[in-house]
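The report below walks through one protein model, topic by topic. Please keep the sequence and the structure in view while reading.

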Amino acid sequence: MMAWLRVVQAQIRVTARNKLLLVPIVLTIMALLLPVALALPTGGAYIAGRDAVETQQTFLSEQLSSGAYRTAPAKLVELKQQEVSYLQEALALPIEDAAGYFSALARRARTVEEEHEHGYVQGAENELSFAANALLLERIALLGAPEVYDTAADMPAIYLLAFSIGSTPYIFWYLVPVAVMAIAGRRLDRRLVSQGRMGIRGSACATGLAGALVSLACLLICLIIPFVIASMRNGMGDPSYPVVLIRDNTLVSTTVGVQIAAFLALQTAIYIALCSIAAAVLMCKGGSVAAAIIMTLLIAAPLFELYYAHDVPWAPLLTSLLPTYLNSASVLGGASYLNTSDIALVTGAGGAHAIIVPLMWGAAALGFANTVSMMPSQRRWGWCSGIGDRAISGTNITSPTRVFDIVFDTVAYRRNPILNKAHVQIQPGEIIGLIAPNGAGKTTLLQALNGTGHATVRGSLQLGGFPLCDRSTMRTTVFLLSDSELLFPAQTVRFHLELTIALWETSKNAREEAERFDLAEYLNTPVHKLSQGNRQLLLLCMACTSNASILLLDEPMNALDPLHVELVSTALREHATRGAIVVISSHMLWDLETLCDRTLFIAEQHVIEIGGETSGSDINLNDIYRRIYQHAT
């Protein structure tokens, strides 16, 4: 559990420090502040502004005096006269008597509601809209300082946030988690966090939780900045300011404080769900079809109601889907003075659906296709052939007889054969050299042994008599050092060593390991500031710190000066002395002569073994290299 939490912490640090995350944050903040900058009208002036009230009173009075209602039912005339009297009462009150003003307007709104009940008012989008307006005015009148806000620029901070929930396009709330998971999951299978005892699945789950936490932190940043700006302009506001919504044909009365809290709770749940789905999609690389199916269903879920309501399924797809993704009122509803329609799952039509929805469905389809295409990946590393279904476990790894037994039937990369019919046994404590010309497949072979890459492999792989049957088990046992993609450029040397210790659950000390590899002075230095040689030293230090049973090292001495080559050689010998197996692929033949116990050449799709004791012997690998590969050409 501690290792898993350490990976969560590491992913949070890596993701939060990525400057690309500023893009969705800035876009969301701009979307929140745009109504303020443009001073967009809120509808408050329409329902409660003195100019609007005076205009309505004058219009109704003229209609009554001109005989426009001469032939109308007596009840309607009575109700219209009541409207005029309530409007006159409101206008006669002093500005200081805001409670009386809104109470008079609320009584007028109730009168209009009664007119609708008698059938005198037509054309309303929802019968409850009249009751909603009346209830809103009644609740405003009960405030300590009743007020309406004519534009977004006039709103206090807390009301602006509640207003933004409904007015900001829904899609903006999801720019951040999408960007976070794109950053956090980038090349996850090649990063350090995918190695160690957790494997790709554990690291993907940690990435999902880290993504949700970072997304929530970014959401709070997006909300806090407009909140602070609005507070400086208009104050914080009253959290008990009323909000009245029509939801599922029911009148809902709440407050801006409750609305914001509900929004944050909903976003928390959605972000956790989205990031968990993203983590599951990352695990699809291991063959989980269910994750992509669930992702597709969740994307399609808001459309089910719309499809159900139409006979022809393609019509709504092209004309009526945009509000599903762009209207956040379709989920919660925001603070508004104009509640004239139902807040439903699907709210209306929009031609731009033809752009956004097919793209989202297409992304889901591509994810599903990628999952299906990756399903045979377990068989690409066909190490279990003819071995049975026993699996290696932690106790097997620490067995005193950990012979690494490899049987290659075939190894190919993109239909190009690399090896055919080869058998290699490596004893505990051996250091093996691997030599081949450029392009012969050394790196591909090492990746296959680690369960990564895209080689097609048939054969068997055992450690201590137990099969390494899947990639997660192989990564538990093997540490592959192939390039600097294991490293996080913005993180320090200490970060990488502590993460390695946590992933492999060793008892080593980061500072002591750094001192072994001459990196103590760089403990707090970010990787991107290290020289190429020091980056290589860090990778080798991580490999030895991991205590992995098998080290696969691809060109480990590159960029190292002679003193550091000697230092690394000593460290690798010490690691092998403890029973580990070390395989080194390199073109630096002198280093292999002095370090390796045996050397394997790949030539004409076969393995040629040189020496039983290469290290310290008189065997000249340069001469052997020329004889083998000049003959092959």
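## A pair of phenylalanines

Phe495 has a relative accessibility of 1% and therefore counts as buried, a word used here for residues under 20% relative accessible area, while exposed means over 50% and partly exposed covers the range in between, with a 1.4 Å probe and protein chains only. Phe488, at 5% relative accessibility, counts as buried too.

## Basis of the model

This is a predicted model, in which local features need pLDDT of at least 70 and side-chain atom pairs count only at pLDDT 80 or more, whereas totals for chains, interfaces and linings use all residues. Residues are numbered from 1 along each chain as its sequence is written, and side-chain values use heavy atoms, with hydrogens and water left out.

## The protein as a whole

The protein has 25 helices and 13 strands; these are DSSP runs numbered from the N terminus, with helices (H or I) of at least four residues and strands (E) of at least two. Of its 633 residues, 51% count as buried. The protein exposes about 28,200 Å², of which carbon and sulfur atoms supply 59%, as computed by the Shrake-Rupley method with a 1.4 Å probe, where for residues only the protein chains shown count as cover.

A contact means heavy atoms within 4.5 Å. Among the contacts in the protein with a separation of 6 or more, 76% come from residues 24 or more positions apart.

## Aromatic rings

How many aromatic pairs does the count come to? Rings of Phe, Tyr and Trp (its six-membered ring) pair if their centres lie within 6.5 Å, and planes under 30 degrees apart count as stacked, over 60 as edge-to-face and the rest as tilted. By this rule the count comes to 5 aromatic pairs. One of them joins Tyr149 and Tyr159, a tilted pair with 5.4 Å from centre to centre and 50° between the planes. This pair links distant parts of the chain, since Tyr149 sits in the loop between α7 (128–141) and α8 (157–167) and Tyr159 in helix α8, 10 residues apart. Both Tyr149 and Tyr159 are buried.

The rings of Phe488 and Phe495 have centres 6.0 Å apart and planes at 85°, so this pair is edge-to-face. Tyr149, Tyr159 and Tyr241 form one aromatic cluster.

## Helix α2 and the annotated spans

Helix α2 (residues 22–37) has 16 residues, which at 1.5 Å a residue should span 22 Å, and its end C-alpha atoms are 21 Å apart, which agrees; the expected span is 1.5 Å times one less than the number of residues. A kink of about 30° lies at Ala31 in α2, shortly before the proline Pro35, where the bend at a residue is the angle between axes fitted to the seven residues ending there and the seven starting there. The buried residues in α2 include Pro24, Ile25, Thr28, Ile29, Ala31 and Leu32. Just after α2, Ala39 takes a positive phi of about 50°.

An unreviewed UniProt entry places the feature "transmembrane region" at several spans, among them residues 20–40 and 157–183; UniProt positions are given in the numbering used here, feature names are shortened, and annotations may be inferred rather than shown by experiment. In the model, residues 20–40 are 76% helix and 0% strand, and their end C-alpha atoms lie 30 Å apart.

## Strand β5 and His423

His423 lies in strand β5 (residues 416–426) and counts as exposed because its relative accessibility is 54%. Not counting residues up to four places away in sequence, His423 touches Asp405, Ile406 and Val407. The C-alpha atoms of His423 and Gly459 are separated by 9.4 Å, with the two residues 36 apart along the chain.

## Loops around helix α22

Asp518 is found in the loop between α21 (510–516) and α22, where its phi is near 60°, a positive value in a residue other than glycine; with a relative accessible area of 40%, Asp518 is partly exposed. Gln532, found in helix α22 (residues 532–545), counts as exposed at 61% relative accessibility.

The loop between β10 (550–554) and α23 (562–577) holds Glu555, which has a positive phi of about 50° although it is not a glycine. Met557 lies in the loop between β10 and α23 and counts as buried at 3% relative accessibility. Leaving aside neighbours within four places in sequence, Met557 is in contact with residues including Gln536, Val565, Leu572 and Leu595.
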